[in-house]
Each structure stands twice: as C-alpha cells, then as structure tokens.
Amino acid sequence: MLRANFEKELKQLHTEIIEMGNYVQTAIKDSMAAFKAHDLELCQAIIANDKNVDEKEKKIEANCLWLIAREQPIASDLRKITTALKIASDMERIADHAADIAELTMRIEAKNTFADSSHIYQMADEAIAMVKDAVTAYVNYDMLLAKATAKKDDKVDDYFNLIKQELVQVFNNQPQNLDQAIDFLLIAKYLERIADHAVNICDWVRFSQTGKHKNTRIF
C-alpha cells in the first residue's frame, strides 16, 4: 500500500512537470508572437503570468523535498525526483526569459529598419522546437531524443552569431538605432539561453536513466 501511494505521487510529480513544460512552451511562442506583432497587451499578459510558473516551480520543489524526506528513496526513484526538481528549475528560467523578451518588446519601437531582415525568427523556431523535444524526451524518458535535441544547440548558437554580425552593421551604419539594436541583441541572447536550458533538461533526462550528469556519475 505504501509503495502504491509513492508510485501515485511520483506519477503526479511527472504530470506536474509535463503541465509546466506545456506552459513554458506557450510562453515562448507568445513572446515571439508579441515581438513580431508588437502586441503590447500580449506582452503584459506574458509578464503577469510569469508568477504562475514561479508558483508552480515552488510547488514542485516542495513536493520533491517532501518525497525525499518522507520516503528516503534510493536508486531510480531518487533519480526521478531529482530530475523533476532540476527540470522544474530550468523551466522556470525559460519562462523568465520569455517574460524578459516581452519586456524588451515593449521598449522596442513598433517599426525598425533591421528586425524583419534578421534571423531572429528562425532562431526562435529552433529554440522553441528544442524545448518541445526536451519536454517530450522527459515525458517518454527518451534517451535518443534527449541526445539529438541537445545537439541542436549548435544551430541556435550559429544563428546567434549570425545575428550579432548583422547588428554590427546596424551599429556602424545606423547609429540612431543603437539602443533598439542592443535590445534586439538581448532578445537573441535570451533565445540562446532558452536553448541552453533545453539542453539542461536533456542532460537531466539522461541522468534519470543512467545516474550520470554530464558524464559524471552522481548516483
């Protein structure tokens, strides 16, 4: 009976991580939609809703610590709880970055001379796909998908470097747009960090199955 209750709580924890993952994916998509359309109302909604993710992360953290303290799990059970704890933290940071993008969008003018010609949207698509696949890898404990998703980070980094090169031209040729260009670069940086957190999620998925994190055995 005790084991059955524990399994039920582990399943609920798994479900809460999935729900959080779905929410942060929507937050990223909405932040880029708001950026593209310069939708200030959507920006405000994204920023306001960020606190919901914060509360979700705190709840998951409390549940994880409670399970560890009460059940004193070992081996695979402990890895599952630790994985949920760490992934929730990465997801909370992803949602923060979505809110950061929304805040910057509210500062950037509706019309500028460089945003539409950059690779920001392709970069965003790659980062969003990475988060989606990382969450799917967690849902299914799919090691192969986790590994493949982590490798896509190189492409996001390539887009970031390309955007930096494009913005150098703005710095040189359009000094009047310097502040806008800096904000634009920050949005690209947040997308890069979102992809990095997706890689972290994949690393924790692998840990849940192997007990190793970044090639170091933990337990």
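Buried here means under 20% relative accessible area, exposed means over 50%, and partly exposed is anything in between (1.4 Å probe, protein chains only). This is a predicted model, so to speak: local features need pLDDT of at least 70, side-chain atom pairs count only at pLDDT 80 or more, and totals for chains, interfaces and linings use all residues. Residues are numbered from 1 along each chain as its sequence is written, and side-chain values use heavy atoms, with hydrogens and water left out.

**Salt bridges overall**
- Count a salt bridge whenever a side-chain nitrogen of Lys or Arg sits within 4 Å of a carboxyl oxygen of Asp or Glu, and you get 12 of them.
- Glu9, Arg70 and Glu71 are joined up in a salt-bridge network.

**Helix α2**
- Lys58 and Glu55 pair through their side chains, at 4.0 Å from N to O.
- Both residues belong to helix α2 (residues 40–71), three residues apart, or about one turn; helices are DSSP runs of H or I with at least four residues, numbered from the N terminus.

**Helix α7**
- Glu192 makes a salt bridge with Lys189, with 2.6 Å between the closest N and O atoms.
- These two are three residues apart in helix α7 (residues 178–210), which puts about one helical turn between them.
- Glu192 is buried at 11% relative accessible area, while Lys189 is partly exposed at 35%.
- Further along, Asp203 bridges to Arg206, and their closest N and O atoms are 2.3 Å apart.
- Asp203 and Arg206 also sit three residues apart in helix α7, about one helical turn.
- Asp203 is buried at 6% relative accessibility, and Arg206 is partly exposed at 24%.
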